[in-house]
Number of protein chains: 2
Amino acid sequence: MAFDSIQTPAGKADKVLGGSVNYFSVAASFYAPVQVLGVVGNDFPQAHIDWLSQRKIDTTGVQIVSGETFHWVGSYDTNLNEAKTLSTALNVFEHFDPRLSEKHRDAEIVFLANIDPVLQTSVLNQVKSPQLVAADSMNFWIMGKPDALKETLKRVDILSINETEAFLLSGEKNLHKAIVAIRKMGPSVVVVKRGEYGAMLFTPESIFIAPAFPVDQVIDPTGAGDSFAGAFIGYLAENGASRDMAKKDPAAWNKLLRRAVVAGCTMASFTVQDFSLHRLMRLEAPELAKRQAELLEMISIG
Amino acid sequence: MAFDSIQTPAGKADKVLGGSVNYFSVAASFYAPVQVLGVVGNDFPQAHIDWLSQRKIDTTGVQIVSGETFHWVGSYDTNLNEAKTLSTALNVFEHFDPRLSEKHRDAEIVFLANIDPVLQTSVLNQVKSPQLVAADSMNFWIMGKPDALKETLKRVDILSINETEAFLLSGEKNLHKAIVAIRKMGPSVVVVKRGEYGAMLFTPESIFIAPAFPVDQVIDPTGAGDSFAGAFIGYLAENGASRDMAKKDPAAWNKLLRRAVVAGCTMASFTVQDFSLHRLMRLEAPELAKRQAELLEMISIG
């Protein structure tokens, strides 16, 4: 949970709502119930937490502590695929220690958003019997805490990452070799996010390549990856995905993963059409379904 | 027909075989008979023209004139999607005046490779009854001879172009608007080439997005667009495409175009795996078919 101040070629937004879990959970909630863990300062608008709750997102795991909410300041130049971080104020995030309630500990599908891998493992340790674990990370942790990240990855089934991060994590310069190396660290499925060019899905059985849905104008790419992950995991959850299914029926698992990638690409295309969560917050299920069908048609060979 | 001297992050090649029609015709010849029009100097290796002829490529339209062959010197940095031209020596190309034989004038499918649009129109004027006309162009002609290019485009059915060129040609900054504007100039079908990210196909009925086939290493992107076009048009020719089919059966036409785009993406992926035409010249039909099937599988939703 964060405040973002963002400048893009299309304009700027000051101290707007942001944060991986915010994007993730709103996106996922179109498909499945979500329980959020996070921390905010007492400057965070209660109205937003209330709004999430109205979407049937369980926000009891959001700690409100004295201090200021995490604040990221970033900008994008005409290459909208790469954010430039101007400043990061960790604030209340610095001493975040996620504690799971009894209900949270029963979660079957776990998404570990981009955060210190030590905390990712701590969360995972508290979940009783996870059936499917997905994770995200970024350059900062890959370089700063590689050993802790590798500990986390041992227990991760699905890693979502971008190409640069895949190279950095694996030490390889060739994507295929990078995926082979990352798979040896734990995740059997790797999703490579490619910004305006969509995503690639690598499973032990096959490769799937999906384009982004072409939008007229990208206003702000922030949160595209997190909302991709939210729709992707939400879609998997809605369709009963588990590690077990991957083992028992690889064909059905691959088919489900491919459709989940298309769901992710569709959701991300809405996210980038406005600053912050603005577009996602006014997104309706019918227009989501319509665009998803359009994207499926755009990739169909007929 | 050209000599290219190329530097890429993978190495360099001096005065190797290049040129749009060279890439185009070798690629197209995997699918359909090709007749080449072009000009070379007397420094051009006869062995290469003989090699083309052995592939059933009609080279009687290649004029051999006194002087030096066109020579392009270019380089690519790590962004392999964009070539930097270091020098261009037009040489014998400067006074090229394509004259079609009686047999050439009977051609049903015409591809106007990237050249002065005045010459493109001159070739078209000599073809008796073209059933389908495709064309390529580039920034140099879009900026240098916009009126002549627009004259050519009036008679073109399919334009292949990259995104930057589409913006430049249309004066629009948004791809959808650019396509609408270009379509008003003549071509009903626009193929937008996206380098390592594949291609987009815009028809009056729909949009199709195809990824590039992921190769381990791009050695030299030169000729990727021309070999894409060669396989694309070759595939259309092999399957009886015509302007008439587009009108009478838009569904079949769109389906055929989509498969032709996949053929183009597959061919281009071989081209970039070595300098010059080296990879294409040793490409065998079975490995082409295998990779094409693999790419189709990589985009299938299952």
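**Notebook: chain A, fold and one sheet**

I counted secondary structure first: chain A has 12 helices and 12 strands, where helices (H or I, at least four residues) and strands (E, at least two) are DSSP runs numbered from the N terminus. The radius of gyration is 18 Å, close to the 19 Å of the globule rule for 302 residues, so chain A is as compact as a globular protein of that length. That radius is taken over C-alpha atoms, and the rule is 2.2 Å times the number of residues to the power 0.38.

I noted the source. This is a predicted model, in which local features need pLDDT of at least 70 and side-chain atom pairs count only at pLDDT 80 or more, while totals for chains, interfaces and linings use all residues. Residues are numbered from 1 along each chain as its sequence is written, and chains are lettered from A and ligands numbered from 1 in the order in which they are written.

I checked the extent: the C-alpha trace of chain A spans about 50 × 45 × 40 Å along its principal axes.

I then looked up a sheet. Its 6 strands form an open sheet in chain A with the order 7-8-9-10-11-12 and mixed pairing; two strands pair if DSSP finds at least two bridges between them. Strand 7 (109-112) and strand 12 (207-210) of chain A are at the edges with a single partner strand each, so one side of each has no neighbour in the sheet.

Strand 11 (residues 199-202) and strand 12 of chain A run antiparallel, joined by 4 bridges. A:Phe202 is opposite A:Ile207 of strand 12.
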